[in-house]
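Dear colleague,

Please find the structure below. My notes on it follow directly after.

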Amino acid sequence: MTITRISRRALGAAAAALALAAGVGPAVATGNAYRVAVGGNSATAAHPITATTTMSVGWASPTLTWGCTSATVRAPALATAQAGYPVTDILRFPTFDFRGCTFPGGAMATTTAGEWQFHADGPATSGAADVVEGHLDHLSLTWRNAVCSITVSGRAAASFDEATQQLVIEESGFTGNLKTSGVLGCLGQVRNGQPINLSMRLQLTSPGGAINISGS
């Protein structure tokens, strides 16, 4: 059977669509575009923010749990809430400093990489009390001690509470959005490719005022 030029194009487009659906190709951030105001001002601007945990940070693999006592945003002068429309990268964090991280076998030194970004995909109104669903993209961090090394990367389910100005990260159910790699040692309790859960609550503060997300 002869394949025409048109059918080749159609097959190529179908293959590309299947590749994207299967997660093949470069990773892209996912999220919807919103109108974002800081202190009631939705003019396009990046507003500085600070972020610190309000409780301990919990991590879990299918076989182990561990945690950190606290986390604060690294390089706070570079952490921002992006006002304007249309906005996809609503909150941007130049990663975090985790403190007091412990694992079976002792304390863990923790390093993070990249810029972590909050992208929303849930409904949002012009009111000031929405809980806007979304996810935190581009997570990457590594734990190390004498008996263990683990890297975790991916994204985590998150929501922004406008009333409290808190970003709640709650990746649960071992969905596979966060996965391990580069595992060395770890008492044989963590393996490469395992899904990871994360529970973390951040209090955000902006000198410009409260952050508000709306759908248009």
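In which loop is Phe174 found? Phe174 sits in the loop between β16 and β17 (178-185), where strands are DSSP runs (E, at least two residues) numbered from the N terminus. Its phi is near 50°, a positive value in a residue other than glycine. Phe174 is partly exposed, with a relative accessible area of 31%; buried means under 20%, exposed over 50%, and partly exposed in between (1.4 Å probe, protein chains only).

Please note that this is a predicted model, in which local features need pLDDT of at least 70, side-chain atom pairs count only at pLDDT 80 or more, and totals for chains, interfaces and linings use all residues. Residues are numbered from 1 along each chain as its sequence is written, and side-chain values use heavy atoms, with hydrogens and water left out.

Gln165 also has a positive phi, about 60°, although it is not a glycine. Gln165 lies in the loop between β15 (148-161) and β16, and it is buried, with a relative accessible area of 11%.

Strand β16 (residues 166-171) pairs with β18 in the antiparallel sense over 6 bridges; two strands pair if DSSP finds at least two bridges between them. Within this pairing, Gln166 has Gln203 of β18 as its bridge partner.

Strand β18 (residues 197-205) is also joined to β3 (residues 50-53) by 4 bridges, running antiparallel, and Thr50 stands opposite Thr205. A further 3 bridges join β18 to β4 (residues 57-60), again antiparallel, with Trp59 opposite Leu198.

Finally, a cis peptide bond joins Tyr85 and Pro86, with omega about -5°. Pro86 belongs to strand β7 (residues 80-87).

Yours sincerely
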